[in-house]
Amino acid sequence: MKHLPNIITLLNLVCGCTAIVYLLQNGIAIIETGVSPDNPLGQQLTLLPERIYLAPLFIAIAAVIDFLDGFIARAVGGCSEMGKQLDSLSDVVSFGVAPSLIIYQLLRLSLAKETDGLEASMIWLVPAFVLAAAAAYRLAKFNLDTRQSHSFRGTPVPAVGLAVASFPLIYWTSNVEWVLDLLTNKWFLYLVVLILSWLMISDIPIMSNKPKSFTLKGLLPQLSLLVFAIIAAFLLQWLSVPLIFGCFVGLSLLFKKQLE
């Protein structure tokens, strides 16, 4: 039973890898058709259904697993340093690399709208992976920082990953034109990467699900976030996710002294 928490943690990693697979499927495949005078290479491009929308689902499942594995570890007495390291390594993939690929694909859509955008240099896409680098730095910092028991120092990587995971769902379900334009605007995406990366590697106190006290005052940041999340989700559906993330950070700053 002591290995059960580590197995569950690795399921987080598997979900992150699955999300990456769906993000890399661009809807085009090469099939062999046989050599002919009209087709000397014997190959043909065919369109396949894109399933990028499934990537956020697996990132969300990874988040649920990430939330539960700690409880399971404590329940079976399986807490260990190895489990802590496995958790961080899994989080890098599920909430660092996979969300970076979401930004990467949205940047590709942005460039495709421009003249000769399909021939644009790779340098325009590389900033997407700054998010993954910041996530790795944040997790390494978390493993070494003993202050983060009742609050975090810097925004948790899963929170950032879930915020970015909502982007494809917003893009494919929203009918609001300015929202769609923002999600395929490379300068906006660069700004998102910059802000989210800074939030992860910063030292600002961020609320956790382990408040210092269970009094009304001690729980006020979490309760305020819960009320906002319920109202926003009801009114705005998927668009509520980045707003809830913004509220999460804003409330943490508002209650900074209480969280320190």
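Helices (H or I, at least four residues) and strands (E, at least two) are taken here as DSSP runs, numbered from the N terminus. The structure is a predicted model, in which local features need pLDDT of at least 70 and side-chain atom pairs count only at pLDDT 80 or more, while totals for chains, interfaces and linings use all residues. Residues are numbered from 1 along each chain as its sequence is written, and side-chain values use heavy atoms, with hydrogens and water left out.

A pocket is an open set of points, on a 1 Å grid over the protein atoms alone, where a 1.4 Å probe fits, with protein on both sides within 12 Å along at least five of seven lines; its lining residues have an atom within 4 Å of a point. The volume of the largest pocket is about 1,800 Å³, a volume being the space filled by probe spheres set on the points, which are joined across faces, edges and corners. Its lining comprises 48 residues, with Asp66, Phe67, Phe152, Pro158 and Asn209 nearest the centre. Elements that each supply at least two lining residues include helix H1 (4–24), helix H2 (54–76), helix H3 (81–112) and strand S3 (151–153). H2 provides the largest share, ten residues. By type, the lining holds 25 nonpolar residues (Ala, Val, Leu, Ile, Met, Phe, Trp, Tyr, Cys and Pro), nine charged (Asp, Glu, Lys and Arg) and 14 polar (the others, Gly among them).

In H3, a kink of about 30° is centred on Asp91.

Turning to charged contacts, the whole structure contains one salt bridge (a side-chain nitrogen of Lys or Arg within 4 Å of a carboxyl oxygen of Asp or Glu). Asp203 pairs with Lys141, their closest N and O atoms lying 3.4 Å apart. Because Asp203 sits in the loop between helix H7 (186–201) and strand S4 (205–207) and Lys141 in helix H4, the pair ties together parts 62 residues apart in sequence.

Finally, the loop between H8 and H9 holds Gln237, which has a positive phi of about 50° although it is not a glycine. Most residues other than glycine have a negative phi.

Technical notes. The bend at a residue is the angle between axes fitted to the seven residues ending there and the seven starting there.
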